[in-house]
Amino acid sequence: MSKNRLKLLPWIVTPALAVAIIVGWHVAVTVGEVNPFIFPPPLEVGEALLTLLGEAGTWAAAQVTLIEIVVGFLLAVASGILVGVVLGKIPWLEVSVRPLIIISQVAPKVAFVPLFIIWFGFGMTSKILLATILAFFPVMLNVLLGVRSVEQGQREVMRSLNATRRQTFTQLEMRSLMPYLFAGMEVGIVLATTGAIVGEYLGGNQGLGFMVVSAMNSLDAARTFALILLLSIMGLVLFLIVNELKRFFIPWHESVYGLRNR
């Protein structure tokens, strides 16, 4: 397949699939005579979405959720880079703390929500903390892997050039770990979104997740579907922003360069 056709493929296939899903959804609901209170038709969900977009409260709630996701994600990236670099450069420390890190990650994060609410209340802080905890591990793990992936020969070249530790880090190790960092960030932004929304589900008094719970308690399935669609669009936009940052900062890497020239 030519390069031009490959570039056009997502613009053709994705809308076609979306239309096919909506048509299949409409047919399944109308032909199958499904109760609209359980599974509303797409037109009803579309109307609910337009109504939501016209309400000032929706935008205020979206702003709250967006702040929780972005702040939680940035904290996870900052702490993930710091811990990943330190553990990557000090192997004995990584071996020592590895069991604690694994235990902290295999523990169900949702179980911490009641504790976060006790400690930080029903406001944004507890959701930001949950988003940070969920997004931290993939960022930290990928940064650690990036620091370890620098070949010994490349380090020896830097030593032969009398490079300082700072020069070795900024000119060699940082360049090596950038692709790994963005791989972790792409996973991290998805998990940060999940963390913020789950926090609002379980212990929130504001945000789009809280609005989903309110709509569900009112048995308003169309509004619930519309809010879920809105959250999905928000998550998709955030992921695309991270993906564009990757294209900007590491245009030379195979994951970006190779895709453009395939």
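Glu94 and Arg98 sit in helix α4, which spans residues 91-106, and they are 4 residues apart, about one turn of that helix. Their side chains form a salt bridge, with an N to O distance of 3.1 Å. The model in which this pair is found is a predicted one. Its chain holds 11 helices and 0 strands, and it is divided into domain 1 and domain 2.

**Overall build**

- Read from the N terminus, the elements follow the order α-α-α-α-α-α-α-α-α-α-α.
- Along the principal axes, the C-alpha atoms of the chain fill a box of roughly 75 × 55 × 30 Å.
- In the whole structure, 6 salt bridges are found.
- The salt bridge described above joins Glu94 and Arg98.

**The two domains**

- Domain 1 covers residues 1-34, and domain 2 covers residues 38-256.
- Between the C-alpha centres of domain 1 and domain 2 there is a distance of 29 Å.
- Domain 1 gives 5 residues to the contact, and domain 2 gives 6 residues.

**The interface between domain 1 and domain 2**

- About 550 Å² of area is buried between domain 1 and domain 2, and carbon and sulfur atoms give 86% of this area.
- On the side of domain 1 that touches domain 2, the residues are 4 nonpolar and 1 polar, with no charged residues.
- Across this interface, 0 salt bridges are found.
- Between domain 1 and domain 2, 1 residue pair is in polar contact, with both residues at pLDDT 80 or more.

**Annotated regions**

- An unreviewed UniProt entry carries the annotation "domain: ABC transmembrane type-1" for residues 62-242.
- Over residues 62-242, the model is 87% helix and 0% strand.
- The end C-alpha atoms of residues 62-242 are 19 Å apart.
- Under "transmembrane region", UniProt (unreviewed entry) lists residues 12-39, 59-88, 100-122, 128-150, 180-202 and 222-242.

Note on methods: Residues are numbered from 1 along each chain as its sequence is written. This is a predicted model: local features need pLDDT of at least 70, side-chain atom pairs count only at pLDDT 80 or more; totals for chains, interfaces and linings use all residues. Side-chain values use heavy atoms; hydrogens and water are left out. Domain bounds come from an automatic or database domain assignment. Contact means heavy atoms within 4.5 Å. Buried area is the accessible area (1.4 Å probe) that two parts lose on being put together, summed over both. A salt bridge is a side-chain nitrogen of Lys or Arg within 4 Å of a carboxyl oxygen of Asp or Glu. A polar contact is a pair of N or O atoms within 3.5 Å; within protein, one must be able to donate a hydrogen and the other to accept it, and residues adjacent in sequence count only if both atoms are side-chain atoms. Ala, Val, Leu, Ile, Met, Phe, Trp, Tyr, Cys and Pro count as nonpolar, Asp, Glu, Lys and Arg as charged, and the others, Gly among them, as polar. UniProt positions are given in the numbering used here, feature names are shortened, and annotations may be inferred rather than shown by experiment. Helices (H or I, at least four residues) and strands (E, at least two) are DSSP runs, numbered from the N terminus.
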